[in-house]
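Please read this note with the sequence and the 3D structure open beside it. Each point below takes up one part of the chain, so that it can be checked by eye.

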Amino acid sequence: MAVFILSLVVCGFAAALGILRPELLAERVTAATTFCLNSFDWIYLLSVTAFILFCFFLAFSRFGRIKLGRPDEEPEFGTVSWVAMLFAAGMGAGLLFWGVAEPLHHYMSPPPEQTPMTPQSARWALVVTNLHWGIHAWGIYAMGALVLGYFGFRRGYPLLASSPIQAVFTGRFGRIMGFVADLVAVVAVAFGIGGSLGMGVLQINAGMAEVFGTPAESMQMLIGILGVLILFYMIPVSTELGNGIKILSNLNIAVVVLMMLYILFLGPTAFLLSTFVTSLGDYVTHLLNLSFRLYPYSGETEWTRIWTLTYLIWWIAWAPFVGVFIARISRGRTIREFVIMVMFIPSLFSILWFAVFGGTGLHLEMFGEGGLASLVLEDTSKALFSLFAYFPLSRVLAVTAIFLIFIFLSTSAASGAFVLGMMTTGGSLEPPRSKKLFWGAVVAALTAAVLFTGGGLTVLRSIAISGAVPFTVIMIAQVACLFKSLAAETVPREAPAEVEDRPEIGEEVPA
């Protein structure tokens, strides 16, 4: 109950401040996150890289044979269904928002030591985009889900951020640290969802202005879109429509894949396939180097702060939320199977996605009519719809994209309300309907506060990651607790291969 009350106070204060004094909220949140990113950038980058290395260590060590569940427990879902659901978890409005925009941003304004608008900056644009959406993102998710899955399904604790800490540290210290962990996790999830919904509303607004000619810079329009979104996602929150949301999610995935194939085969297909292969190779080649690079000697740390570090902390904000979902569907899997599939399947799809959408944007800019990058820099939310204008059935594509973004945001918000309800009821897998509705309203208020700030993407991302800045420390503590608990495990041996009985030399073989 204390976690619920205090997290409500924090979220309610932020929402009220954003609605009544939006410029003050934008100023304070941006200043706080900028200070943390500038002062502790090395901690965030090193921590996330350590999470990835630790995941690989667990997967390929003797601990990889440990199951997320009882030793004799079988996976609840078949491999194909499980992979499909991981694929669903990897999809979202973020890929639609940034698929075209981010590579063009990096092409026009590349990382330090690169020259803008050159073939080399085009290659690096996809390398750093894949850095932000690939193994680093899914390493954070895998780590968050692995901690919850191990302590939840193997040790019998609730799926809460506090469970690893309370399993290792008993007494007063463990209770206090567990309380802090749960409180910070709730705030991180609520702020992360609010900031992400704000970006989605901006993109829906840009798409509607492009297709239907609605006002592009109207706060009334933004609040109207948010209102419809609230009504839509409150339906699954208030009723037992889990199967309906599951069907919508699967439909979304199918439509997204078809849209990607449409762009691939009606666009510069050979160029895009070459881009995919090249960007995959460049990403693998530079992955280790970029995992430790902060540009301290050139004094150009701002680029890393604005892009890479912001993304990494954003994924940390979503780790308690996405981790619950991934852990829930992975019960009965071994750690080795879990790590390999969770980290690589969604990452590979993301690389393909950016090669198709980002590659098409780069091709238009470098070999076509040009002008798309300047539109993206002017208003990032218009990037996807501006690209569609170069293709047949552009209006159909735009309407489809608006529908996809709307459904993605609705399912994310509904799932977020469920997880927040679970996290504030002691880990109950069936939180009360009133608690879910309440958190759905809180998320809506935070999103409205985000939109009222009117500070653009910088403020939106600052608000989205603000709750996750302290949660990084919680994740480090969780990983330490996981390692301590695993070290005390009796790891099952792999079954030896059966050897056919053979007669000894000279022994008579029976007829």
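Leaving aside its neighbours within four places in sequence, which residues is Pro111 in contact with?

1. Before that is answered, a word on confidence: this is a predicted model, and its mean pLDDT is 86, with 92% of the residues reaching 70 or more. The stretch to treat with care is residues 495-511, where pLDDT stays under 50 and where the model has 1 contact beyond four places in sequence. Where pLDDT is low, the predicted coordinates should not be read in detail.

2. Now to the opening question: once the neighbours within four places in sequence are set aside, Pro111 is in contact with Val128, Tyr295 and Trp303. Pro111 sits in the loop between α6 (101-108) and α7 (119-133), and it counts as buried because its relative accessible area is 1%, which is under the 20% cut-off.

3. Ile66 makes a second example of a loop residue, as it lies in the loop between α3 and α4 (79-90). Its relative accessibility is 0%, so Ile66 counts as buried. In sequence Ile66 and Arg154 are 88 residues apart, yet from C-alpha to C-alpha the separation in space is 9.3 Å.

4. Ser485 belongs to helix α21 (residues 468-487). Is Ser485 buried or exposed? Ser485 counts as buried, because its relative accessibility is 8%, and the cut-off for a buried residue is under 20%. Not counting residues up to four places away in sequence, Ser485 touches Tyr150, Phe151, Arg155 and Val168.

5. The charged side chains deserve a point of their own, for the structure holds 9 salt bridges. One of them joins Arg123 to Asp282, with the closest N and O atoms 2.6 Å apart. This pair links distant parts of the chain, as Arg123 is in helix α7 and Asp282 is in helix α13, 159 residues apart. The two partners can also be described by their accessibility: Arg123 is partly exposed at 42%, whereas Asp282 is buried at 11%.

6. The side chains of Glu23 and Arg21 meet at 3.0 Å, N to O, and here Glu23 is partly exposed with a relative accessible area of 46%, while Arg21 is partly exposed at 42%. Lys67 forms a salt bridge with Glu74, in which the closest N and O atoms are 3.7 Å apart. In that pair Lys67 counts as buried at 16%, but Glu74 is exposed, with a relative accessible area of 57%.

7. On the surface, which residues form a nonpolar patch? The patch is made of Trp42, Leu46, Leu53, Leu288 and Phe292, which together have about 550 Å² of accessible area. Helix α3 (residues 41-60) supplies the largest share of the patch, namely 3 residues. Leu288 is found in helix α13 (residues 269-290), and Leu288 counts as exposed because its relative accessible area is 59%, above the cut-off of over 50%.

8. The last point concerns the cysteines. A disulfide is a covalent bond between the sulfur atoms of two cysteines. How many disulfides does the structure have? With sulfur atoms required to lie within 2.5 Å of each other, the count comes to 0. Cys11 is in no disulfide, and the nearest cysteine sulfur, that of Cys36, is 18 Å away; Cys11 is also buried, with a relative accessibility of 0%. Cys481 is likewise in no disulfide, the nearest cysteine sulfur being that of Cys55, 16 Å away, and Cys481 counts as buried because its relative accessible area is 2%.

Definitions and conventions:
Residues numbered from 1 in each chain as written. Predicted model: local features only at pLDDT ≥ 70, side-chain atom pairs only at ≥ 80, totals over all residues. Heavy atoms only, no water. Patch = residues over 30% accessible without salt bridge, like charges linked within 9 Å, V, L, I, M, F, W, Y side chains within 5 Å. Areas by Shrake-Rupley, 256 points an atom, 1.4 Å probe, with all protein chains shown as cover. Salt bridge = Lys/Arg side-chain N within 4 Å of Asp/Glu carboxyl O. Helix = DSSP H or I, 4+ residues; strand = E, 2+ residues; numbered from the N terminus. Buried < 20%, exposed > 50% of the residue type's maximum accessible area, 1.4 Å probe, protein only. pLDDT = per-residue confidence, 0-100. Contact = heavy atoms within 4.5 Å.
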